[in-house]
Amino acid sequence: MAASSKPTDESSHPYDTLPNDQDFDWMISDAKFTVDTRTDFYDHSLTSRRYALVGVACSSIISCSCIVAGIITLANHGVSGVTVANLNPEIYAEAELILQGEILALALNLIVTICTESIGFVHGISLRSALASESRLRFNTNLRLLTAARGWYNPNGALLNGISTVLLIISYSSVSLVVCFDDQIMPQAPQASREYKAGVAFAGLPLLILGVALLLQVMIALLGMRAVKILTWSSSPFDLTAALVYHTQFTPATLRCMRCVSDLDTIRKVVISLWVVVAACAGWAALVMCIWDKYATGSTDVASLVALTSQTWSFLSNGPTNSIEYALPGVDLQAWILLFVNLAVVQGPLTLGLHCSELIANVIRDERQWRCATERKGLRPTMNPVKVIFTHPICLVLFVAKPFLHWMFGLSFTISDPASDGKLTMFFVIMYTSRIWNLCIALFIFGCFFTFVALRRHHSPQPAAYGHVQTLANLVDEWSPVMWWGHKEDGIPYCHAGRGRAITRYRM
């Protein structure tokens with residue numbers, strides 16, 4: 001550890017700041033680091049590996065199912081074809097149908113989130129190992145899509161990372177296009193009293209593209225996994241550091257221990273990117289209001305006839321509401337491409353902003369684990385990646401926010417693609433003003449929460465590490481399944497983490 005028990009003038013600086021580069025303040029100590037070179041003293045975390053591979057296998061099954069369903073639909077009905085999930089004789093029960101469609105859209109967003117998180121875990125572990133093998137790994141947590149290993153054709157390199165970014169955006173964009181509604185005339189009814197039925201349907205081409213996007217992400221993640229030797233599958237910075245020390249990829253700086261990590265650059269950029277997304281969403285809503293105001297008094301079909309008021313403000317309601325819309329010509333391949341480009345351009349910043357938020361959540365998770373070293377039960381290096389999602393509040397918030405915010409985007413930027421007798425008839429892009437403001441408010445709350453979490457500082461003698469590998473290698477003098485941070489009984493006036501229970505631990 002890196003803090004002296006007798007504060008000096010230098011130690012009056014804040015200890016808890018978030019990381020990017022190595023802005024170090026070194027202090028000399030007489031501590032010696034104890035490692036057992038006879039056996040591995042870190043957890044290989046094969047359980048995490050099994051979880052990850054099961055998640056990737058499930059993602060592969062889901063992607064292949066989407067591909068098969070999309071191909072069958074296209075083969076039967078062509079590019080404009082849909083597969084009807086259910087038919088309701090109450091054709092005019094529009095509100096119930098819309099509710100069913102939105103529930104399905106939310107469920108699809110959740111499935112895509114689970115698949116991409118499983119794939120992302122494998123991709124992140126392999127990228128971390130690749131960076132370590134190049135002696136470029138600084139932190140346990142990295143932005144996997146915005147950090148790359150060397151080599152243009154490296155599976156963990158910049159080219160495939162860029163492709164993965166595009167595929168991630170396409171995955172969420174496809175969900176907004178999959179669900180639609182189909183009206184059918186029942187042929188068995190008499191000519192004079194034809195019976196109409198309506199139901200929720202799935203568009204074939206977006207379903208196919210969703211499956212292909214997920215499958216390609218799986219392939220990239222597996223290529224990255226095979227291209228590098230993974231020392232540990234644990235997401236714990238302590239298991240990672242112990243593995244790197246054991247395999248001499250990192251060397252603790254003996255006779256030295258570090259005070260803290262003190263650079264906020266990357267975290268500041270992530271926080272700023274979140275607020276840029278919030279500002280862009282507010283600007284989008286303001287632009288829609290300006291366009292509506294311009295065309296509301298005209299005879300065009302661009303603007304709705306209803307002004308934005310408290311009575312017309314809606315979340316899911318199908319009643320009159322303020323909106324603008326435009327139609328795309330035809331329902332052919334060119335129209336589909338144009339529709340996907342429209343969605344990707346608007347939805348892309350939201351997807352990337354939520355991806356960048358992972359850095360904040362995981363870095364705070366790493367630091368919270370490190371601070372367990374001052375508690376009575378001590379620090380346990382190994383962590384279960386599935387358990388962490390549901391027990392760590394920040395990770396849980398992010399996991400829930402991803403599908404929910406993408407679903408809210410789908411409510412705001414709606415693709416009205418009505419179908420008749422199994423085929424789409426036209427594309428309408430509708431932007432609902434109140435729902436865009438709802439999304440903006442949700443993003444504002446999300447941004448406030450993550451800004452508070454990122455900039456909150458712990459005031460304690462324990463130095464901040466935030467998953468910085470070299471810092472942890474210097475701060476831990478003895479690796480074991482349970483460790484504490486504090487003064488050892490040998491009287492050395494510097495703090496380290498290690499196995500010994502007979503130490504004086506700081507009360508935080």
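Predicted model: local features only at pLDDT ≥ 70, side-chain atom pairs only at ≥ 80, totals over all residues.
**Exercise 1. Work out which elements have the lowest and the highest mean pLDDT.**

Solution. Begin with the overall picture: the average pLDDT of the chain is 78, and 77% of the residues reach at least 70. Now go element by element. Then turn to the ends. Residues 1-39 have pLDDT below 50, yet this stretch makes 136 contacts in the model beyond near neighbours in sequence. For residues 502-508 the pLDDT is also below 50, with 30 such contacts.

**Exercise 2. Find the residues that touch the most other members of the largest nonpolar core.**

Solution. This core holds 66 residues, and Trp-284, Trp-336 and Ile-360 are the ones to pick. Helix α7 (residues 333-371) is the biggest contributor, giving 13 residues. Zoom in on Trp-284: leaving out residues up to four places away, its partners include Val-346, Phe-409, Met-431 and Leu-439. A second core, separate and 15 residues in size, has Leu-108, Tyr-172, Leu-210 and Leu-214 among its members.

**Exercise 3. Decide whether Phe-409 is buried or exposed, and list its contacts.**

Solution. First place the residue: Phe-409 belongs to helix α9 (residues 393-412). Its relative accessibility is 2%, and buried means under 20%, so Phe-409 counts as buried. Beyond four places in sequence, Phe-409 contacts Trp-284, Leu-343, Val-346, Gln-347, Leu-350 and Leu-439. As for Met-431, it comes 22 residues away along the chain, with 10.0 Å between the two C-alpha atoms.

**Exercise 4. Which residues form the nonpolar surface patch that includes Val-79?**

Solution. The members are Val-79, Leu-333, Ile-337, Val-341, Val-345 and Val-346, which together have about 490 Å² of accessible area. Val-79 itself is in the loop between α1 (46-77) and β2 (82-84). With a relative accessible area of 33%, which falls between the 20% and 50% cut-offs, Val-79 is therefore partly exposed.

Definitions and conventions: Residues numbered from 1 in each chain as written. Heavy atoms only, no water. Helix = DSSP H or I, 4+ residues; strand = E, 2+ residues; numbered from the N terminus. Buried < 20%, exposed > 50% of the residue type's maximum accessible area, 1.4 Å probe, protein only. Contact = heavy atoms within 4.5 Å. Patch = residues over 30% accessible without salt bridge, like charges linked within 9 Å, V, L, I, M, F, W, Y side chains within 5 Å. Areas by Shrake-Rupley, 256 points an atom, 1.4 Å probe, with all protein chains shown as cover. Salt bridge = Lys/Arg side-chain N within 4 Å of Asp/Glu carboxyl O. pLDDT = per-residue confidence, 0-100. Core = buried A, V, L, I, M, F, W, Y, C linked by side-chain atoms within 4.5 Å.
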